[in-house]
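Subject: Handing over the structure

Hi,

Here is the structure I promised to pass on. Have a look at it first, and then read on for my notes.

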Amino acid sequence: MLQDLTIIIPTRERHDYIFRQIEYWKNENVKLIILDQSKSPLPQNNLFLSDNIKYYHFLNKNLFERISFASSLITSEYAIYLPDDEFLIPKTLSRCINFLDKNKDYVSCAGRSIEFSIKNRIVARNIYENLNDFDINFDDPYERTLNLAHPYKFQPIHSVSKSDVWKDVSKILLKCKDLPPDMFELLFGFTAAYLGKLKVINELMNLRSNENPPVDTIDWNQKFLAPKWFYSLNHKSEIESFLNALDEIELPNFKNSIIMGINSYCLNFLINEKSY
């Protein structure tokens, strides 16, 4: 099963976590693409990669360019995005792949998550408990997109997803400029919802790390997020570029469906901003 999966790991200035990922995955039959934006690459004499792990160092490519590059390398049927300090359980990944193989109208499948921290001891807790039995199974793409947008509680980017989703999102990202970082997550999610149904199975898949503060870099600015950007007059040309890029996907009502999803998400976010 895992030979049908590619895991994409962006990273920056956290070589220890790269080595941790390499050690974790080196004996698994899964493809791994590591996208490193650190000032210096991993020392070659320390880079013990197995055949299933590919490492790329980019100093001058932003996150979206690196993601688009990785998408062009996907030859497997499925792919998943993995932050460099988190873990995925191989057995559950295989079960997600098996579910998607047997249910062709679904495009994304994930398991459940826990959050862990490592201090004097390892501490873990359940998270996203509202995803129990989560299933967006409407036949209509509009219905799926709207149900993903509100309430927004499931992120297909952290799911096993058909590689077609990655390819379509990559086409859009390459045509855009200066998007807020969370727009990648939203665009991926609403593209997945347009293309097919979404499912969470009740098995542990994702071990999400609480070891580090949220990423806040020039690439992933926590103050530059989609809801305020989408309605800002100061970013009119960037928004126009994004809307034009949606035309790259020549599918019926694709553009309208994505805009509807983003608009619903952003309005709900701004209405409830104090609770976020």
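To get you oriented, where is the place of Phe254? Phe254 sits in helix H9. I'll come back to that residue below, after some background.

First, the ground rules. This is a predicted model, in which local features need pLDDT of at least 70 and side-chain atom pairs count only at pLDDT 80 or more, while totals for chains, interfaces and linings use all residues. Residues are numbered from 1 along each chain as its sequence is written, and side-chain values use heavy atoms, with hydrogens and water left out.

**The whole chain**

The chain has nine helices and 10 strands (DSSP runs numbered from the N terminus: H or I of at least four residues for helices, E of at least two for strands). Its radius of gyration is 18 Å, close to the 19 Å that the globule rule gives for 276 residues, so the chain is as compact as a globular protein of that length. That radius is taken over C-alpha atoms, and the rule is 2.2 Å times the number of residues to the power 0.38. Along its principal axes, the C-alpha trace spans about 50 × 40 × 40 Å.

Of the 276 residues, 52% count as buried (buried means under 20% relative accessible area, exposed over 50%, and partly exposed in between, with a 1.4 Å probe and protein chains only). Among contacts (heavy atoms within 4.5 Å) between residues at least 6 apart in sequence, 76% join residues at least 24 apart.

The mean positions of the 32 positive and 36 negative charges are 2 Å apart. For that, Lys and Arg count as positive and Asp and Glu as negative, without His and the chain ends; each charge is placed at NZ of Lys, CZ of Arg, CG of Asp or CD of Glu.

**Around Phe254**

Back to Phe254: at 1% relative accessibility, this residue counts as buried. Leaving aside neighbours within four places in sequence, Phe254 is in contact with Ile172, Thr191, Tyr194, Leu246 and Ile249. The C-alpha atoms of Phe254 and Tyr142 are separated by 9.2 Å, although the two residues are 112 apart along the chain.

Tyr194, one of those contacts, is found in helix H6. With a relative accessible area of 10%, Tyr194 is buried. Beyond four places in sequence, Tyr194 touches a list of residues including Pro141, Arg144, Leu251 and Ser257. Tyr194 and Gln37, on the other hand, are 31 Å apart in space, C-alpha to C-alpha, and 157 residues apart in sequence.

How many of the 11 residues of H5 are buried? Eight are, so H5 is largely enclosed by the rest of the structure. Among them are Trp166, Asp168, Ser170 and Ile172.

Ser170 is in H5, which covers residues 163-173, and counts as buried at 8% relative accessibility. Not counting residues up to four places away in sequence, Ser170 touches Ser68 and Ser71. Ser68 belongs to helix H2 (residues 63-73) and is buried too, at 5% relative accessibility. Ser68 and Val169 are 101 residues apart along the chain, with 8.1 Å between their C-alpha atoms.

In H8 (residues 236-245), the buried residues are Glu238, Ile239, Ser241, Phe242 and Ala245. They fall within an arc of 155° seen down the axis of H8, so they line one face of the helix (the arc is that of the directions from the helix axis to the C-beta atoms). What covers them includes H5, H6 (182-195), H7 (226-230) and H9 (254-271).

**Backbone details**

A cis peptide bond joins His150 and Pro151, with omega at about 0°. Pro151 lies in the loop between helix H4 (141-149) and strand S9 (160-162).

Glu13 is in the loop between strand S1 (5-11) and helix H1 (15-25) and is partly exposed, with a relative accessible area of 43%. Asp133 lies in the loop between strands S7 (122-127) and S8 (135-136), and is exposed at 52%.

Over to you!
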